[in-house]
Amino acid sequence: MKPNLTKKETTGEIPIAGDPHSSFLVAKLRLHVEVRELPAASVLFVEGEPGDCAYIIARGSVQIFKEQDGSPVALARRGPGDIIGEMALIDDLPRFASAACETDCELLVLSRSSFLGLLAARKDIAREVLRMMTARIREGDAHRLEELEATNEYLRLSHIRLEAALVYRDRILAVAPYPIVVTDSQDRINLLNPAAEILLGHRGSDDLWNCVVPRDPAVPAQAADGLRNKASWRGEIEVDVPAGRRLLCKIVAVHIPDSGSGESARLWVFEDVTEVRTLQEQAIEQYGLAMKGEMAGEIAHELNNYLTILSGNIELLPIRLRSNDPTAVNRTLESIQQAITRMGVFTDTLLRSRHPMGQRSQIDLNEFLLAQIAFLRPQKRFKTVPIKTDLGTNLPKLECDPCGLQQVIYNLLLNSADALSGAGITEPAVFIATRYDPEKGVVRLSLADNGSGIPPEVMSRLFRERVTSKPAGHGIGTLTVLRIVEEHGGRIVAGQRDGGGAEFVITLPIPAVSPQKD
């Protein structure tokens with residue numbers, strides 16, 4: 001069958017090459033060689049097989065092709081008066097390519113023995129054959145020279161483009177505000193930009209982790225595991241860098257499968273967030289103080305209610321003593337005693353709800369929540385908004401910063417109470433639920449309300465920027481909540497509550513301890 005050829009040249013048909021001046025040679029050779037008539041698609045010889053004869057085309061056209069990636073690729077087309085496979089007349093090398101009749105052909109088959117005979121008996125015919133062979137060699141040399149010149153020009157232009165790309169790369173790296181480092185797969189530094197040189201200082205080693213020393217020695221192994229399993233790794237670590245500096249850095253590492261040399265590489269981008277984190281922590285602290293100041297007003301209001309009761313009854317006591325009415329005196333004393341008892345309970349709740357800032361400890365989450373609820377319930381905004389609980393059983397101890405967790409709970413519950421205030425809800429309520437997932441080793445804390453829910457324009461920006469639906473809100477509360485939850489290694493997801501309203505679900509990891517027993 002005729003091979004399904006792919007043209008090497010994509011700009012048009014491969015022209016038929018022939019020797020129009022060799023018709024007399026064809027006529028003379030007919031008397032000394034075998035003449036074959038072959039139909040189109042007949043294969044004359046196959047690439048790689050031994051050759052012992054050449055073919056002179058008397059009529060028709062022949063296509064020369066090579067196998068590349070399992071498919072034939074056309075190299076040339078030969079026409080009348082041309083010679084094919086001529087190298088078989090002088091050496092025993094395998095065929096360089098394959099040949100097949102493109103049309104019906106008449107071919108003169110010139111074997112090596114016939115050619116040697118012509119050299120002795122018919123030098124005129126042998127000379128013409130040799131002329132055709134040398135012409136083919138010159139044609140091949142000229143073609144190879146053209147290809148070589150084209151290749152050299154391509155390499156020259158590629159070199160120019162490569163140099164331009166390298167200059168462009170260096171300019172990008174030079175102006176990049178973030179430190180960028182390229183290492184091999186063993187974290188040996190190959191390239192770094194000026195910002196990285198400032199970060200790393202004078203390098204006494206090419207090992208990345210000797211220049212950037214994490215406070216947590218497990219970080220290099222974590223990064224290596226992440227890069228093996230995924231295309232990238234992200235981390236936020238505290239590092240020691242030269243000149244005795246300690247920085248908090250965000251790091252993004254990307255695996256590069258082939259750096260151009262056949263070897264894999266790694267791209268590391270550092271971001272110094274030390275100052276940003278300091279400002280965030282200050283903002284969180286200031287927000288906490290502002291919230292505590294607001295709650296202090298609530299506390300003062302509540303204490304003032306108790307003091308009003310005490311003051312009124314103390315004023316009544318002398319009058320009732322002069323009236324000599326023991327029953328009225330006893331009622332007044334009971335009212336004073338109840339007010340003092342309630343004040344004691346209230347202040348005890350205040351004391352139990354306090355926790356040192358930033359200190360971690362293990363807590364019983366349910367007991368912790370009940371203490372916060374007991375503190376919030378007497379406050380004015382929760383007078384008409386009950387807090388309903390659904391606390392799970394067998395929750396393990398939770399390791400956390402109680403002060404930070406308290407700030408999260410207060411923020412979300414106060415937001416719910418404010419959203420329900422004036423919303424026209426018939427039976428407004430706030431809901432708190434806890435659950436333990438032993439398979440995932442996490443505790444889930446859900447805080448929700450039955451209000452109008454989170455507006456879509458707020459939901460799309462929540463936890464990403466300062467956003468609030470309150471007329472006088474500043475929008476930093478949810479960012480503070482996110483930051484505190486992330487510091488605990490947890491996640492927070494906002495959504496719409498089944499049945500209406502907003503819901504925030506916080507997932508927190510737990511230490512490896514046994515669950516509590518009922």
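Modeller: A residue is called buried when its relative accessible area is under 20%, exposed when it is over 50%, and partly exposed in between, with a 1.4 Å probe and protein chains only. This is a predicted model, in which local features need pLDDT of at least 70 and side-chain atom pairs count only at pLDDT 80 or more, while totals for chains, interfaces and linings use all residues. Residues are numbered from 1 along each chain as its sequence is written, and side-chain values use heavy atoms, with hydrogens and water left out.

The helix to look at is H6, which spans residues 219-229; helices (H or I, at least four residues) and strands (E, at least two) are DSSP runs, numbered from the N terminus. Val219, Ala223, Ala224, Gly226 and Leu227 are the buried residues of H6. Their directions cover an arc of only 165° around the axis, so they sit on the same side of H6; the arc is that of the directions from the helix axis to the C-beta atoms. An α-helix has 3.6 residues a turn, so residues three or four places apart point the same way. Arg228 and Asn229, on the other side of H6, are exposed.

Two of the buried residues in H6, Val219 and Ala223, also touch Trp209. Trp209 belongs to helix H5 (residues 208-211) and is itself buried, at 10% relative accessibility. With neighbours within four places in sequence left aside, the contacts of Trp209 (heavy atoms within 4.5 Å) are Asp187, Pro214, Val219, Pro220, Ala223, Ile237 and Trp268. Val239 is 30 residues from Trp209 along the chain, and their C-alpha atoms are separated by 9.7 Å.

Asp187, one of the contacts of Trp209, is found in the loop between strand E11 (180-184) and strand E12 (189-192). Asp187 is not a glycine, yet its phi is positive, about 65°. Most residues other than glycine have a negative phi. Asp187 is buried, with a relative accessible area of 7%. Ala41 also has a positive phi, near 80°. Its place is the loop between strand E3 (34-38) and strand E4 (43-45), and Ala41 is buried at 18% relative accessible area.

H2 (residues 112-121) and H3 (residues 123-175) pack with their axes 6 Å apart, at an angle of about 125°; axes are lines fitted to C-alpha atoms, for helices over the stretch in contact, and angles run from 0 to 180 degrees between N-to-C directions. H2 and H3 are therefore oblique to each other, given that angles under 35 degrees count as roughly parallel, over 145 as roughly antiparallel, 65 to 115 as roughly perpendicular and the rest as oblique. On the H2 side the contact is made by Phe115, Leu118, Leu119, Ala120 and Ala121, and on the H3 side by Lys123, Ile125, Ala126, Val129 and Leu130. By class, nine residues in this contact are nonpolar, none is polar and one is charged; Ala, Val, Leu, Ile, Met, Phe, Trp, Tyr, Cys and Pro count as nonpolar, Asp, Glu, Lys and Arg as charged, and the others, Gly among them, as polar.

Asp401, in the loop between strand E19 (398-400) and helix H10 (402-420), has 11% relative accessibility. Leu482, in helix H12 (residues 477-487), has a relative accessible area of 19%.

For the chain as a whole, there are 12 helices and 23 strands, and 40% of the 518 residues count as buried. Among contacts between residues at least 6 apart in sequence, 65% join residues at least 24 apart.
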